Amino acid sequence: MTVTIVGSQLGDEGKGGIVDVYGDAVDVVVRYQGGDNAGHTVVSEGDEYKLSLVPSGAVRGKIGVLGNGCVVNPNTLFEELDVLSERELSPDVRVAERAHVILPYHRIIDGMEEDVKSDDNLAAGTTGRGIGPTYEDKAGRRGVRIGDLLDPETLRERLEYVVPQKRALVEDVYGIEIGEDVDGDAFDVDTLFETYLAFGERIEREEMAVNCGEFLQARLDAGDEIMFEGAQGTSIDIDHGIYPYVTSSNPTAGGAAVGTGVGPTVIGQGEVVGIVKAYLSRVGTGPLPTELGSVDGQTPENGGRQDESELATYIRDKGGEYGTVTGRPRRVGWLDMPMLRHATRANGFTGLAINHIDVLAGLDEVRVGHSYTLDGEELLSMPATTEKWDDCEAEFRTFDGWDDVDWAAVAAEDYDAVPENARTYLEYIAEELETPIYAIGVGPGREETVIVESPI
Ligand code: GDP
Ligand code: IMO
Ligand code: MG
């Protein structure tokens, strides 16, 4: 039995929290794509854990696996493992031998490309972790894999082939002086070889490397429950998202098969839970039809329905919608139903977890982008190009707001304890998506989740 947890929007929907809530009932938690661009929060008994690479199940002592679809920065991985160990956890994490390795030059090139793109408003606002350049090398068949770190001869061969190409790219295309403008060690074969061989030795010593598909199949055969933990979200999926403002992997449920070596039939026989934030927030660039504060100068005084920037600030502050690294305010928008219909189809959701219902509490009214108008026609799902999406005008529906209540007390009871107007909002979402609600997030803590049904 498997459960796949997928972000239905733009990332940061609260996937980590839901993995934690349902995670007690599983044996293994597997990441299938992305790398340390993710930031998953688990709040357990008042302790907050921010995980970027280690699967969130580590907080409950579950075996964590980084699948072949992941890109792994060994620096981040070992730092995170060391910090968790200092916090008295003993994470048992395995890494797929087929997973690709993020090298220092990937991060540097990520920054350079974003710089260049920013002149044309094409920058995705990446996390700067080298994710895109690493997936490029994977597809370009010039990547370094975890398995290569365990084999000195192969590692040297790979580096000797690829590093001169990176040097040429940086110096001849970007016109940047290696050793002067950027760290020379990041482009030095000998230094990279020594450093990454040492990582390989630690991976070997700690018996972390696995043949992912075989490892997981053996666990399934032994009767284990496996959870697949998606990172990012459907609208920043490289195929199904708002290209080019996307990440470079497939957060959608199909990625769970390709990114781990378990058959799609196995994933499909299990549950696929879509994680929904009750509104939208976005760290990166690109259009956002339901964005709050995007309507120029709209205020109640000049005929606007409400002062949108004030509303955006209310939701942003209450939901802590500020970038974890930079502290930059995130963009905020109303829930976008065409985006969720698109995600429901692309992922085949069997259930939904809708988070942050508490954040919207206290508003007079809550709005939802129900559909779009594009060229005079009504659209219920997202168009396939981002340029058309930018031209979509959201058609809103309005719901009566709900008051702030003692949310922990609500979570301790059951669904009926959720304020009536919030239930009306939730039921609208479930009906439109023809998908049942499994859980409702009413706060960041493990205990602040109303569990309607468990997928396990
Ligand atoms: P992820 O990347 O999808 O795992 O989400 P993040 O951890 O990046 O962002 C979600 C943030 O919202 C974290 O700070 C969570 O602790 C918090 N959070 C999750 N669910 C809820 C909820 O239902 N209500 C509130 N107020 N916060 C939540
Ligand atoms: P979690 O797992 C939100 C966004 C970046 C940028 C785009 C590409 O915590 O939900 P990348 O560094 O991946 O090449 O950046 O994707 N992005 C995320 N946004 N949550 C995330 O992860 C994200 N990971 C990447 O902001 O717009
Ligand atoms: Mg996050």
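Mentor: One term to begin with: contact means heavy atoms within 4.5 Å.

Trainee: OK. What does arginine 167 touch, not counting residues up to four places away in sequence?
Mentor: Arginine 167 touches Asp172, Ile178 and Phe187.

Trainee: Before we go on, what kind of model is this?
Mentor: This is a predicted model, where local features need pLDDT of at least 70, side-chain atom pairs count only at pLDDT 80 or more, and totals for chains, interfaces and linings use all residues. Residues are numbered from 1 along each chain as its sequence is written, chains are lettered from A and ligands numbered from 1 in the order in which they are written, and side-chain values use heavy atoms, with hydrogens and water left out.

Trainee: Back to arginine 167. Where is its place?
Mentor: Arginine 167 sits in helix H6, residues 152–173. Helices (H or I, at least four residues) and strands (E, at least two) are DSSP runs, numbered from the N terminus.

Trainee: And how far apart are arginine 167 and isoleucine 178 in space?
Mentor: C-alpha to C-alpha, they are 7.5 Å apart. Along the sequence, 11 residues separate them.

Trainee: What about threonine 4, buried or exposed?
Mentor: Threonine 4 is buried, because its relative accessible area is 0%. Threonine 4 belongs to strand E1, residues 2–7.

Trainee: Which residues is threonine 4 in contact with?
Mentor: Leave aside neighbours within four places in sequence. Then threonine 4 is in contact with Tyr32, Phe228, Ala256, Ile267, Glu271, Val272 and Val273.

Trainee: How about its distance to phenylalanine 78?
Mentor: The C-alpha atoms of threonine 4 and phenylalanine 78 are separated by 26 Å. Those two residues are 74 apart along the chain.

Trainee: New topic. How many residues does the largest nonpolar core have?
Mentor: The largest nonpolar core has 103 residues. A nonpolar core is a set of buried Ala, Val, Leu, Ile, Met, Phe, Trp, Tyr and Cys residues joined through side-chain atoms within 4.5 Å. The residues with the most contacts inside the largest one are Leu77, Leu216, Tyr425 and Ile429.

Trainee: What does tyrosine 425 touch?
Mentor: Not counting residues up to four places away in sequence, tyrosine 425 touches Ala278, Leu335, Ile357, Leu360, Val366, Val368, Phe399 and Trp402.

Trainee: On to the ligands. Which residues come nearest to ligand 1?
Mentor: Lys15, Gly39, Thr41, His356 and Asp358 come nearest, of the 16 residues around ligand 1. A residue is near a molecule or strand if one of its heavy atoms lies within 4 Å of it.

Trainee: How far is threonine 41 from an oxygen atom of ligand 1?
Mentor: An N or O atom in the side chain of threonine 41 is 2.5 Å from a ligand 1 oxygen. Glycine 14 uses a backbone N or O atom, at 2.9 Å from an oxygen atom of ligand 1.

Trainee: Which residues are closest to ligand 2?
Mentor: Lys15, His40, Ala124, Thr127 and Thr247 are the closest, of the 21 residues that surround ligand 2. An oxygen atom of ligand 2 is 2.7 Å from an N or O atom in the side chain of histidine 40. For threonine 247, again through a side-chain N or O atom, the distance to an oxygen atom of ligand 2 is 2.6 Å.

Trainee: Last one. Where is the peptide bond that is cis?
Mentor: The bond from tyrosine 243 to proline 244 is cis, with omega near 5°. Proline 244 is in the loop between strand E10 (226–229) and helix H9 (254–258).

Trainee: What is phi of glutamate 45 near?
Mentor: Glutamate 45 has phi near 50°, a positive value in a residue other than glycine. Most residues other than glycine have a negative phi, and most peptide bonds are trans. Glutamate 45 is exposed, with a relative accessible area of 72%.

Definitions and conventions:
Buried means under 20% relative accessible area, exposed over 50%, partly exposed in between (1.4 Å probe, protein chains only). A polar contact is a pair of N or O atoms within 3.5 Å; within protein, one must be able to donate a hydrogen and the other to accept it, and residues adjacent in sequence count only if both atoms are side-chain atoms.
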